[in-house]
Amino acid sequence: MGRVTERRKVIRIRDGVVSTRPDTLVAEEPLEIRLNGKPLAITMRTPGDDFALAAGFLVSEGVLAEGSDLQNIVYCAGATVDGSNTYNVVDVRTAPGVAIPDITLERNVYTTSSCGLCGKASLDAVRTTARWPIADTPPVRVDPELLASLPDRLRAAQRVFDRTGGLHAAALFTEEGELLDIREDVGRHNAVDKLVGRALQNGDLPLSRTILLVSGRASFELAQKAVMAGIPVLAAVSAPSSLAVDLAAETRLTLVGFLRGSSMNVYAGEHRLALRTAAVQA
């Protein structure tokens, strides 16, 4: 299996002084996901947790909803011309009777480490494939001070980032702030897929009383993955996109952006935050 990091020689310039040294970089390799033997998608990812990544991806596509939907996941031997195993191709086998939606016609199945799935049919696709409406009853209640403490905890748990500075992270917390799981990847959407896939494998879906924190921006793709996993709260240290806000408002997802220090912006689902102000100013 590929390594999470690799070493490369770099020329370093500091205050006009030139030197050479080895540098640790995050690894990026393609992963082809096959569904019941048929090619489905290619994503650029950091090797590791590949089975969880594939499972989480298929949760977000509406193929898998619970552990019993999954028969097995294997690396494909003979993935190259010479018959060797690159560990860059996985085949997901669904259990007998699992209906497979037509997910190849609505978008380009090539994904990158930065933008997720390109050309997706946006809101309609989520509306028609979501297996669980966000249904935290009673609603999750989160104190803003607790939310503000989570980015530091996320950063402290990023082991590979400390060596490379080049990875995104996604973490799941309970509504009380307990860290449940954290995954890193060169792609922010891959990190979330790894979290969700692990939850599927452990029988923990839907994640109806959790907080998802991501280290970058909150794109539509990440909001979609939260909704498909039944997660009620998505928080990001950077900005959301307009489509992410639209999706959050429609699905009653709580969406928080620019979570830095004691500051944050709440774009949707403010009913889950224990706000102390008497009124929100227009």
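Reader: Which strands does helix 5 lie across?

Author: In this predicted model, helix 5 lies across strand 4 and strand 5, running at about 125° to strand 4. Helices (H or I, at least four residues) and strands (E, at least two) are DSSP runs, numbered from the N terminus, and angles run from 0 to 180 degrees between N-to-C directions, with axes being lines fitted to C-alpha atoms, for helices over the stretch in contact.

Reader: Before we go on, what should I know about how the model is treated?

Author: Because it is a predicted model, local features need pLDDT of at least 70 and side-chain atom pairs count only at pLDDT 80 or more, while totals for chains, interfaces and linings use all residues. Residues are numbered from 1 along each chain as its sequence is written, and side-chain values use heavy atoms, with hydrogens and water left out.

Reader: OK, what is the order of the strands in the open sheet?

Author: The open sheet is formed by four strands in the order 4-3-6-5, and their pairing is mixed. Strand 4 and strand 5 (70–75) are the edge strands, each pairing on one side only, where two strands pair if DSSP finds at least two bridges between them. From one strand to the next, the twist averages 20°.

Reader: And how many bridges are there between strand 5 and strand 6?

Author: Strand 5 and strand 6 (residues 89–94) pair over five bridges, in the antiparallel sense, and Ile73 stands opposite Val92 in strand 6.

Reader: Switching to helix 6, how many of its residues are buried?

Author: Nine of the nine residues of helix 6 (residues 220–228) are buried, so this helix is largely enclosed by the rest of the structure. Buried means under 20% relative accessible area, exposed over 50%, and partly exposed in between (1.4 Å probe, protein chains only). Among the buried residues of helix 6 are Phe220, Glu221, Lys225 and Met228. Helix 6 is followed by Gly230, whose phi is positive, near 75°.

Reader: How do helix 6 and helix 7 cross, left-handed or right-handed?

Author: Their crossing is right-handed, a term used if the near helix is turned clockwise from the far one by less than a right angle, with anticlockwise being left-handed. The axes of helix 6 and helix 7 come within 8 Å and cross at roughly 25°. Helix 6 and helix 7 are therefore roughly parallel to each other, since angles under 35 degrees count as roughly parallel, over 145 as roughly antiparallel, 65 to 115 as roughly perpendicular and the rest as oblique.

Reader: Which residues meet there?

Author: Phe220, Ala223, Gln224 and Val227 in helix 6 meet Leu243, Ala244, Leu247 and Thr251 in helix 7, where contact means heavy atoms within 4.5 Å. By class, this contact of helix 6 with helix 7 has six nonpolar, two polar and no charged residues. Ala, Val, Leu, Ile, Met, Phe, Trp, Tyr, Cys and Pro count as nonpolar, Asp, Glu, Lys and Arg as charged, and the others, Gly among them, as polar.

Reader: New topic: where does Asp49 sit?

Author: Asp49 is in the loop between strand 4 (38–45) and helix 1 (50–60), and its phi is near 55°, a positive value in a residue other than glycine. At 27% relative accessibility, Asp49 counts as partly exposed.

Reader: What about Arg252, buried or exposed?

Author: Arg252 counts as exposed, at 51% relative accessibility, and its phi is near 65°.
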